[in-house]
Amino acid sequence: MNRIKELFGIEYPIIQGGMIWNSGYNLASAVSNSGGLGLIGAGSMYPDVLREHIQKCKKATNKPFGVNVPMLYPNVEEIMNILVEEGVKIVFTSAGNPKTWTPFLKEHGITVVHVVSSSKFALKAQDAGVDAIVAEGFEAGGHNGREETTTFTLIPMVKERISIPLIAAGGIASGKGMLAAMILGADGVQMGTRFAASVESSAHDNFKNLLLDTQEGDTMVSLKELAPVRLIKNDFYLGLQDLYKKGASVEELREYLGRGRSKKGMFEGDLVEGELEIGQIVGLINKIDTVQNIITEIVAEYNEAKKGLYNI
């Protein structure tokens, strides 16, 4: 039995990343209804909005789903209480110390998964009592690890050091990528970019359509002084690079970033001044499709690629 399928009670060991401005209840419920594990992205939601999305997700699916919570936000305590009040069964935490909230969540019978970018933090998360680890490589979109370790380097290293289930993330958008990650030791995969380019993603159509034209080399990790984030190279990004050339201070970078920049780009569709977060694997995506079709295609390709291994 696959450990991730068993842990979450799902048909396929495919988890949808809880991306800000992309991962509302519509996407999460569609992934869960298609046999994967859908995640609501709490990072772009006020507490009352998150509660609404959880309630709508419960109506839209009778399958397991979860919530992704970046712990760097000031209202995290209110969010954690909402998760308990609404009976959420699965929580993915990131961007913070897992020791802070894991005991609280576990006391309320919640399955906890923590996202890491290194073996060191994977061990710390395991010691904190989480049920599984997401090891996310540098290829991933959005907020990223400072170590710049790629997924296929990271997975076997983390696998050697932990005993709990391991989920691979970063640069995986196909059945072949899923098989490769699992051969290296992952029990399942988490995909963000592939589901950002879905019909059910809550991102703006401008952003989704841009993803089809974004090619290899069109993204770059920046803002390491604040929080490393992988961005599409648009005018906002180029302005950022000009600031770096002038030796901008952390405060100047923070001022340029301002507030609501990612909402402007991904949710409101401003492709010029918005912050556009996506993974390197976007160059492989050439169509906006339904979640059902995406998962069906991934599983079919995975099974076909697995059979092909015997020809080596």
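Predicted model: local features only at pLDDT ≥ 70, side-chain atom pairs only at ≥ 80, totals over all residues.
S7 pairs with S11 in the antiparallel sense over 2 bridges, and Gly142 stands opposite Arg230 in S11.

The other pairing joins strand S10 (residues 219-222) to strand S11 (residues 229-232), again antiparallel, over 4 bridges. Here Met220 stands opposite Leu231 in S11. S10 and S11 make a hairpin with 6 residues between the strands, and in this hairpin Leu223 takes a positive phi near 55°.

## Helices H11 and H12

The crossing in which H11 passes H12 is right-handed.

On the H11 side, the contact consists of Asp235, Phe236, Gly239, Leu240, Leu243 and Tyr244, which meet Glu252, Leu253, Tyr256 and Leu257 in H12. Sorted by class, the contact of H11 with H12 has 7 nonpolar residues, 1 polar residue and 2 charged residues.

## The eight-stranded sheet

A further open sheet has 8 strands, paired in parallel and arranged in the order S1-S9-S8-S6-S5-S4-S3-S2. The edges are strand S1 (14-16) and strand S2 (38-41); each has a single partner strand, so one side of each is left without a neighbour in the sheet. On average, and with direction ignored, neighbouring strands of this sheet are turned by 25° against each other.

## Helices H3 and H4

Helix H3 (residues 47-60) packs with helix H4 (residues 76-85) at an angle of about 20°, and their axes are 10 Å apart. H3 and H4 are therefore roughly parallel to each other, the class given to angles under 35 degrees. Their crossing is right-handed.

Pro47, Leu50, Arg51 and Ile54 of H3 make the contact with Glu78, Ile79, Ile82, Leu83 and Glu85 of H4. By class, the contact of H3 with H4 has 6 nonpolar residues, no polar residues and 3 charged residues.

## Helices H8 and H14

Helix H8 and helix H14 (residues 291-308) pack at an angle of about 55°, with their axes 7 Å apart. H8 and H14 are therefore oblique to each other. H8 passes H14 in a right-handed crossing.

The H8 residues in this contact are Gly175, Lys176, Met178, Leu179 and Met182, and the H14 residues are Ile298, Glu301, Tyr302, Ala305 and Lys306. The class count for the contact of H8 with H14 is 6 nonpolar, 1 polar and 3 charged residues.

## Salt bridges

The model has 12 salt bridges, counted with a cut-off of 4 Å between side-chain nitrogen and carboxyl oxygen. Arg3 lies in helix H1 (residues 3-8), whereas Asp187 lies in the loop between helix H8 (175-183) and strand S9 (188-191), so the pair ties together parts that are 184 residues apart in sequence.

Note on methods
Residues numbered from 1 in each chain as written. Heavy atoms only, no water. Left-handed = near helix turned anticlockwise from the far one by under 90°. Contact = heavy atoms within 4.5 Å. Nonpolar A, V, L, I, M, F, W, Y, C, P; charged D, E, K, R; others polar. Pairing = 2+ DSSP bridges. Axes fitted to C-alpha atoms, helices over the stretch in contact; angles between N-to-C directions. Parallel < 35°, antiparallel > 145°, perpendicular 65-115°, else oblique.
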